[in-house]
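The exercises below concern one protein chain. Work through each task before reading its solution.

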Amino acid sequence: MLGRKSKSTIDSLIGASTNIQGDVNFKGGLRIDGQIKGNINAEQGQPSVLVISEHAKIIGEIRAVHVIVNGEIVGDVHSVELLELQPKARITGNVYYKALEMHGGALVSGKLSHDQNEELPLLKLAVSSGDA
């Protein structure tokens, strides 16, 4: 676990006294201590880490490779690789992940979906068998 965390560094910080209304796009590492009403998107195809601190509140959808949550999110969370839900994490929305680490006290009010790409072949099989 420590090996994975040390590969990514935090390049940008949104401070606790900052309120943003609108989407945020980033590369590399981003730590959020403030509030955002809008979607947060990491650059696709690049390593990224997004840290939502215990003081942060996000209203919008999140997409990143590695997501660490210890604050509040109202919206869906898409983690390409690892999603870490720390003890004060509160998510109201669906969560999509490849690997999940969930600490005691973390809450998710929504659906947990492991590697959502695996659902598509099952859907196609159900449709094909219904037509036969």
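Two strands pair if DSSP finds at least two bridges between them. The model used here is predicted.

**Exercise 1.** State the secondary structure content of the protein chain and the share of its residues that count as buried.

Solution. Step one: the protein chain holds two helices and 16 strands. Step two: of its 132 residues, 35% count as buried.

**Exercise 2.** Decide whether strand β11 is mostly covered or mostly uncovered.

Solution. Step one: take buried as under 20% relative accessible area. Step two: β11 spans residues 77–85, and seven of its nine residues are buried. Strand β11 is therefore mostly covered by the under 20% criterion.

**Exercise 3.** Find the pairing sense of β11 with β13, and name the residue opposite V77.

Solution. Step one: two bridges link β11 to strand β13 (residues 95–97). Step two: the pairing is parallel. Step three: V95 in β13 stands opposite V77.

**Exercise 4.** Describe how β11 pairs with β9 and with β14, giving a bridge partner in each case.

Solution. Step one: strand β9 (residues 62–69) runs parallel to β11, joined by seven bridges. Step two: I68 has E84 of β11 as its bridge partner. Step three: strand β14 (residues 99–102) also pairs with β11 in the parallel sense, over four bridges. Step four: L85 has M102 of β14 as its bridge partner.

Methods:
Residues numbered from 1 in each chain as written. Predicted model: local features only at pLDDT ≥ 70, side-chain atom pairs only at ≥ 80, totals over all residues. Heavy atoms only, no water. Buried < 20%, exposed > 50% of the residue type's maximum accessible area, 1.4 Å probe, protein only.
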